[in-house]
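Let's take a walk through this protein, one piece at a time. Here is the structure to keep beside you as you read.

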Amino acid sequence: MRGWAAALASWALVAGVAASAAPGDVPRIERRDGRHALLVDGAPFLMLGVQANNSSNYPAMLPQVWPMVERLHANTLEIPVAWEQIEPVEGQFDFSYLDALLPQAREHGVKLVLLWFGTWKNTSPGYVPAWVKRDNARFPRMRTKDGKTHYALSPHGEATFEADRKAFVALMRYLKDHDPDHSVIMVQPENEVGVYQQARDYSPEANRLFAGDVPAALAKQTGKRGNWTQVYGDNAEPAFNAWYTARYIDRIAAAGKAVWKLPMYVNAAVGGPFAPPGKSGGASGGPDWQVIDVWKAAAPNLDAVAPDLYTRDAKDYLKFLDHYARPDNPLMVPETGNAVDFARFLWPTIGRGGIGWAPFGMDGTGYYNYPLGAVTLDDATIEAFASKYRFLKPMARGWAAMALAHPGWGTAKGAPDAEQAKVMGRWRVSAKYGEWQFGSMDSPWLKAAPPATATQPVGGMAVLQVAPDQFLVTGTDVRVNVDLADKGKGDTAMFIRVEEGTLADDGRFVARRVMNGDQTDYGLNFTAQPMLLRVTMGTYR
Ligand code: DGJ
């Protein structure tokens, strides 16, 4: 074998995945050593997503969607498909929207994640067809504690499940027939499921189930036997609703996968990341962090549960990322705010091996999602996201491949400590914000005002440890340092070599220049222009 071919082949063996994309391969999640990658066309793929507004799922709206996808340099569009849209009359399906969407996605070279707005959309049945909305006898809504009709459909309604399942299977059959090359890379069955205002259905059937013992799978998982209150205490009602909601959706996902096997995840309307059991405040029954274990037991056909993150508090955001980045759960943020201050959270997401991230409300229809998102999508707001996507898009496969193979970390400005740090092997990687580009602000001899970024909500970084003494570091508006974790042994850390460059699809680093002097004397200075550094460390004494 020639040198480069041998190197490539040996890398492919180490990484254990195809080194190059094979169009038409079924998308799937690869799990290895507690890390994950989304494989698209047979190779790792980092989803740099945007989500369109809720009512942009009509052919007439698509001309106002694509220009924003392009301006943002996204490689994936998340967009709804509504049950009311494809089955306006029971048993009669209309896929004219997908007839328009799929070819347009191919023309734009953009992958799709379809959001199935069915029984639950932000917990409500707003997107079910009129024939479901009108028939509460056949499709029961939950009951309140005092026996009144609640707004949400009940997860105990078997006829509702059966009707939703049939429609979802029709959608997956359409994809099987019309998307052989897999423009659609993932499907989200339902949207922000569960219920608000009460913790569960209080119908006689639900009360009977709640008084009974927890299912065997949960007794095994928790090591506890008994009824819901005995096993889950203060979290009993959310856990109960989570089990039955997850089982309902898992059976829908299984039926869809039996026809066309795509990765599937369910998004969560999360509550507080530090709340005590049962008090998180998210939608009860959805895959909020306190009931991820219940969802894992109840829904083996789902590849992930994924948090929608609209908190602007970095401490909370990072805690949510840590809750959902689990060896049994690929991290993905299917929705996040589209205001400038959210853009920096891309870095800790991909540092934790996140397979995808998507700001919500990104199209030209004039809806921006304030106060959860931007007041307006002005040039500066778009650029906060576009600058990062423009930089990452060419190396999206390479980063995903390396994040599958190597441990990582990431952080963002506003996390609790002024200097955030992570010990990786014998090294301590740290991040600081609001530093001058050159010099250190705690230097006794250099006095000047802090830079403008010191008070702006910008700054974040992601790092992968690709060898014991070597890191890939990327980010914006941050100073990164690498030092020995244990400095007591008489050795002093030094940069042996810092290279700036990009990643090939297979993860190989492709250097553009060597960074030195002002660019490394005070640490690794990341400006507003994203960059990727390969940092080789050493010591002297
Ligand atoms: C979360 C939902 O999942 C989205 O569909 C949308 O309604 C946003 N909230 C709006 O903030």
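## Helices α4 and α6

Start with helix α4 (residues 96–108) and helix α6 (residues 158–178), whose axes come within 12 Å and cross at roughly 45°. Helices here are DSSP runs of H or I with at least four residues, strands are E runs of at least two, and both are numbered from the N terminus. An axis is a line fitted to C-alpha atoms, for helices over the stretch in contact, and angles between N-to-C directions run from 0 to 180 degrees.

Who touches whom? From α4, Leu 98, Asp 99, Leu 102 and Arg 106 meet Leu 171, Tyr 174, Leu 175 and His 178 of α6, where contact means heavy atoms within 4.5 Å. Sorted by class, the residues of this contact are 5 nonpolar, 1 polar and 2 charged (Ala, Val, Leu, Ile, Met, Phe, Trp, Tyr, Cys and Pro are nonpolar, Asp, Glu, Lys and Arg charged, and the others, Gly among them, polar).

This is a predicted model, so local features need pLDDT of at least 70 and side-chain atom pairs count only at 80 or more, while totals for chains, interfaces and linings use all residues. Residues are numbered from 1 along each chain as its sequence is written, and side-chain values use heavy atoms, with hydrogens and water left out.

## Helices α6 and α10

α6 also packs against helix α10 (residues 236–259), at an angle of about 30° and with the axes 8 Å apart. That makes α6 roughly parallel to α10. The contact of these helices has 9 nonpolar, 2 polar and 6 charged residues. Among them are Phe 161, Phe 168 and Arg 173 in α6, and Tyr 248, Ile 252 and Gly 256 in α10.

## Around the ligand

Now for the ligand: the residues around it include Lys 121, Tyr 310, Phe 360 and Leu 372 (each has a heavy atom within 4 Å of it). Asn 54 has a side-chain N or O atom 3.0 Å from a ligand oxygen, and for Asn 191 the distance is 2.8 Å.

Most residues other than glycine have a negative phi, and most peptide bonds are trans. Asp 33 isn't a glycine, yet its phi is positive, about 50°. You'll find Asp 33 in the loop between β1 (28–32) and β2 (35–40).

The peptide bond from Tyr 370 to Pro 371 is cis, with omega near 10°. Pro 371 sits in the loop between β13 (356–359) and α14 (379–392).

Methods:
A polar contact is a pair of N or O atoms within 3.5 Å; within protein, one must be able to donate a hydrogen and the other to accept it, and residues adjacent in sequence count only if both atoms are side-chain atoms. Angles under 35 degrees count as roughly parallel, over 145 as roughly antiparallel, 65 to 115 as roughly perpendicular and the rest as oblique.
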